[in-house]
Amino acid sequence: MENIMQEQRPLPEHLKLAVRPAASPEAIIEGAGFRITVLTPQLLRLEYHPDGRFEDRATQTVLNRDFPVPEFRLIDHGNKLEIITERLHLSYDKQPFSRYGLNVRVRNGSGHLMGVWHYGDTPQNLGGTARTLDNADGAIPLEPGLMSRGGFTVMDDSRSLLLEADGQVTPREAGGTDLYFFGYGHDYLECLKDFYRLSGPAPLLPRYALGNWWSRYYPYSADEYLALMERFEQEQIPFSVAVIDMDWHLVDVDPQYGSGWTGYTWNRRLFPDPQQFLAKLHERGLHVTLNVHPADGVRAFEDPYLAIAGELGLDPEKGDAVEFDITDPKFLQAYFKYLHHPLEEEGVDFWWIDWQQGGVTRVPGLDPLWMLNHYHYLDSGRRGGRPLTFSRYAGLGSHRYPVGFSGDTIVTWESLAFQPYFTASAANAGYGWWSHDIGGHMQGYLDDELVMRWVQFGVFSPVLRLHSSASPFNSKEPWRFNPVAEAAMKEALRLRHRLIPYLYTMNRYASVDGLPLVRPLYYHHPEQPEAYGVPNQYYFGTELMACPVTSPVDHRTGMAEFTAWLPEGRWYDFFSGRGYDGGRSMSLYRNLESIPVLAKAGAIVPLADLSGYTSSTANPRELEVKVFAGADGSFHLWEDAEEAADVGGMRQGREDGGVAPGEGEGLGSAVEGMKHNAAASQDREESWCVTEMTLSWADTASFMIHPASGNLDALPPLRSWKLCFVGVADTQVKVIIGGTEKAADTAYDHSTNTLAVMIPETAVSTAITVELGSAQLAVNRTTEDVFALLNRAQIEFQLKEQIYGLVRSSATPAAALASLAALKLEQPLFGALCEILTAGLG
């Protein structure tokens, strides 16, 4: 193989990562057979090789070791050394690593000892993620992540392959040990940030990737697919990504060639004019991805066979298949040149790499899935657009190649119940952009409620992609379900597109600040035991906390239960406006229309106003902002011009396969914050615009939209605003625009305790202030909510009247609960009443 590789032309620059793998000499302590690098006060690299051969090249997992040198003390006792940082105390006997000769003491930020790691210890791990959920019907084991309640973890990079300067990978020399010791106590976010610094940041997603994706494994014709997209538009159901599964290519092939799973030739019976088909999807604002299973290489019946066979020196007359060998640089370049780039010129925006053929290549230890993810992601940015690929997880470091495809799940409640935890815990591996088969993919059973709940979860997951099998009975168009499920699914899909301004800001935070969109509660409440006991509850961005419903409703009450933990403070239901006192665990009950999503007092959530329907994901001209009363708060709305180019505009880049000036810098400046991904000229700081919003809640409450600053060309010049103050009693407001008091329309919704203030179109460079005066918090509508619950409940009328009478006549919620307890009510009904009566705020 080495001889083969020597004959190849070098890989183009866009298939090489810019890396900074060499640590500062001042951070290194080296002796006979060992080398220790102090990367941060909490992160150590521990190497041992009996011959003293250490590795300074980048690996599949580690790209950057050029950290600023932290303060540390080195004490050398001759036959033993100690390294002391602000958080760690290492003791080492200078011998081959052993349990008795190497240990690290870990202290938390207050200086208290959290624990001691001895070489070989496996600390209790909080779990990471897994390669795939293929065929999963419920929970599956997870690979280890980076977080541990014990305060430390170890990442073993000893078998990770090396990334050479020429863009290729090579095996390591055997016999060495290469460990990274993370000793962060319970500062999980700091641990994650340093992992991103070590391994590369999470890239920015294109804005369109945050909208709804339509996908189905089904042999659509072009006309059928376009008609479906037209129907979605008529139903005002927005989509931003069109996924075409494998039937876009020939699948019914001559048995002499094997199966039809691999293919690169359009099925002209279904798609007589592919370029026109793709153009029509782009006209609708959709970006397009095609599914490929590349394992079978290129067979003689394929359109590109003659060209790629000739390029690789095969005799086309013999008809021998071009073997798939991602480790051969010549094949790799031909693979893109003849199989993918021509289809991209026709209109394909990115690729769904559906690799299911195991982890063996000609390079020992190299997983072909990792190699496909690596090169496909880099190649997708070669013409200047923001890169994107869609594939399964291939181990630590895979966060550099979003989006993740979690595989073919079974359509059951058990599958749904596992996915919120699976999604949140993936943050422990730095993997923040999972895309699940929302609604489930195959087998299982039809349950309208199940699919509806899956879609509601999808709204508050990293990527919402509907998917299903080719069964004529299994598809996810909302109108295929009962009217209640249909309405809820439509509303959920519209909400996802309304959330894009919020999601895009979180997209930036994930890339620039190392803050994943979906995070376990223990990231922010590490010393609260309750935070570890609610695996399906998670933070969704900086402002929201999601509690997806993953079990059916009780048919007597029409409510489903979620056992949640509410951190200290005041919380509001995002949909109903009901207020809750935090600092406790409680059961939340919801009907079919919503799931519990909570916003803390002071939260600010920007939404696109889709009252004038559009499926566009561009920076909106009309914004709605939900502001949750009761505490100070601030929000920075980040926007750029990434979506300003035409759909399919990535095809307008360079035709020579190179990168435009300023691109391909990768991690070149990443040492100073790791802010930029590999092909992102448009991601430079000057391309962004930020609009700050602040809520002051004191004696005189006010909300201010500050003038937008930065790249104002990224925004529409004028914006209208609908400001929705949730949890505030009806009050008079004063609106000041650009220093001048203006009249404004207001409306109060008593059902959600929400005051709406409408601001007409105003220049984005103009400040807007809404003064609420001595605003009072609204009280919960306890009696009305009890009536609504009883009105829907499938129970005896006399019992309804008895319960309602007790609630109305009781002097306090506690008295009402005592009376209700004496009735020995069924638990679902009593629990739902308890939530209403004890939520708080009156």
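Gln443 sits in the loop between strand 20 and helix 9, where helices (H or I, at least four residues) and strands (E, at least two) are DSSP runs numbered from the N terminus. The model is a predicted one, in which local features need pLDDT of at least 70 and side-chain atom pairs count only at pLDDT 80 or more, while totals for chains, interfaces and linings use all residues. Residues are numbered from 1 along each chain as its sequence is written, and side-chain values use heavy atoms, with hydrogens and water left out.

Although Gln443 is not a glycine, its phi is positive, at about 55°, and the residue is exposed, with a relative accessible area of 58% (buried means under 20%, exposed over 50%, partly exposed in between, with a 1.4 Å probe and protein chains only). Asn753, in the loop between strand 39 (745–749) and strand 40 (754–763), also is not a glycine and has a positive phi of about 50°, but Asn753 counts as buried at 8% relative accessibility.

Helix 8 (residues 413–425) has a kink of about 25° at Gln419, shortly before the proline Pro420; the bend is the angle between axes fitted to the seven residues ending at a residue and the seven starting there.

Helix 9 and helix 10 (residues 483–498) pack at an angle of about 10°, with their axes 9 Å apart.

Notes:
Axes fitted to C-alpha atoms, helices over the stretch in contact; angles between N-to-C directions.
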